[in-house]
Amino acid sequence: MQWRRINRRITKHPARAIIYSFALADIIGALFLWLPFSHVKGLSFIDALFTSTSAICVTGLTVVNTAFEFTRFGQLVILVLMQLGGLGVMTFSMFFALGLGRSLSFSSRLSLQESFLPHLVTEPRRLIATIFIYTFLAEFLVALGLFVSLFFHGYGLFQALFHSVFHAVSAFCNAGFSTFPDGLEDFKTSFGVPFLVMLGIFLGNVGFPIVYEIWLNFREKRKRLSLHFKITLGTHLCFILLGALAFLWFERNGVMSGLPWPYKILAAFFHSVSARTAGFNTLEIAQFSEHSIYVFLVLMFVGACPGSTGGGIKTTTFAILWHTVISRLKGFPQTVAFKRTIPIEQVGKAITLVFISLIAVMTFHFLLTLSEPNFPFYLAKHEFLASLFEVVSALGTVGLTTGVTPHLTFWGKVCIILAMFVGRVGLLSLVSFLSEAGKEPRPYRYAKERVMVG
């Protein structure tokens, strides 16, 4: 009876289920990684928890080298955590519930809808089937391509198989973990591996609502695209193109100077795609100029598309605010995009999310600076920007670093663990859970009164 009462309290609020499921999976993953046969030499529990959090939150920040410090079993644990984190622990639980012939509760349908679709789920079985088929098909095709590429690079049969599967899952789930000692930096003059990893990242962070709509339009022979599809994909592709052009312009004579032009273009697009919460890199991030670091910060903060394996505030959030500004400048009283009016509650949600995200960035950045030695500003060099980069990377579940992560203090690790967890479960979900707000709108309004703005 006590367990049923607890279960009812959890399912009554979808945010609780998401937070509790990720927290439980995180702790279990840390315990598995802490086992003696999961790592090569001694591993502290804080490092095991950091790695588990990074994997379940599909971030990719690491305090120890995944290739050297973990055994094959430990790497398999990370692989499972990435897959669980990419699709969501609740999604897997719903999949098994439907597989056992059980029906989903309304709260489960609501959680599924908030995670993967802009509208209420009418056929959860079909949606979940589509999600899993698309996920495993995409990962299989990317893994197959990587296997062939690695095999021709001289890797043995079993080595190529393990590395290809691991990186296919890591790429699709936007996790950024690598079983190569130097990540993908050894492949900066190769086309196959970077292109396939970039493809896996794109397939993962484009969002399941886009894939689901393409499948429905193909099946039902529709021609009309939804507003969500236009805004999401348009914004996503614009950021990829603008990011690649920026990296190419700033780094053509910098970190990319030694590369032939075809590889420069590939590296520019690779890092533009990867910065949208994937965390892979073929060039050392610390070698990029401050101009490019600024571009990285913007790309990481915006992040991937909604309903995807990536993080960030999401492309639609940025697009809604962009169209709100443009609509106001054009004299529209409401937000208009593609000759459609976006509901005011969605505009309010986007504003709330961006504001909370900015507060979170400032808070965690300040806490991280407190955990490190206190230097005068003129002696700190690039420490301020490096720690800001680390926090945005953690909150956006990106995984890129300028080299700060392995040198974090104990409290610095705790700070980044919390930032990764908050970034993955969603800031709105966490605030809703803590405040118990958002259940029902208030049945009353206060009188209006104007204030000065600007």
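Here are some friendly questions and answers about this predicted model.

The model is predicted, so local features need pLDDT of at least 70, side-chain atom pairs count only at pLDDT 80 or more, and totals for chains, interfaces and linings use all residues. Residues are numbered from 1 along each chain as its sequence is written, and side-chain values use heavy atoms, with hydrogens and water left out.

Me: How many helices and strands does the protein chain have?
Reply: Helices (H or I, at least four residues) and strands (E, at least two) are DSSP runs, numbered from the N terminus. Counted that way, the secondary structure comes to 20 helices and two strands.

Me: What percentage of the 454 residues is buried?
Reply: Buried means under 20% relative accessible area, exposed over 50% and partly exposed in between, with a 1.4 Å probe and protein chains only. Of the 454 residues in the protein chain, the buried share is 53%.

Me: Is helix 5 roughly parallel or roughly antiparallel to helix 9?
Reply: Helix 5 (residues 72-87) and helix 9 (residues 157-172) pack with their axes 9 Å apart, at an angle of about 30 degrees. Axes here are lines fitted to C-alpha atoms, for helices over the stretch in contact, and angles run from 0 to 180 degrees between N-to-C directions. Angles under 35 degrees count as roughly parallel, over 145 as roughly antiparallel, 65 to 115 as roughly perpendicular and the rest as oblique. The angle therefore makes helix 5, relative to helix 9, roughly parallel.

Me: Which residues of helix 9 make the contact with helix 5?
Reply: Contact means heavy atoms within 4.5 Å. On the helix 5 side, Arg-72, Gln-75, Leu-76, Ile-78, Leu-79, Met-82 and Gln-83 take part. The helix 9 side is made by Phe-162, His-163, Val-165, Phe-166, Val-169 and Ser-170.

Me: How far apart in space are Gly-399 and Thr-62?
Reply: Gly-399 sits in the loop between helix 18 (383-395) and helix 19 (410-425), and at 8% relative accessibility it is buried. Not counting residues up to four places away in sequence, Gly-399 touches Thr-59, Gly-60, Leu-61, Gly-279 and Ser-393. Thr-62 is 337 residues away from Gly-399 in sequence, yet their C-alpha to C-alpha distance is 8.1 Å.

Me: What is the phi of Thr-397?
Reply: Most residues other than glycine have a negative phi. Thr-397, in the loop between helix 18 and helix 19, is buried at 1% relative accessibility. Its phi is positive although it is not a glycine, near 50 degrees.
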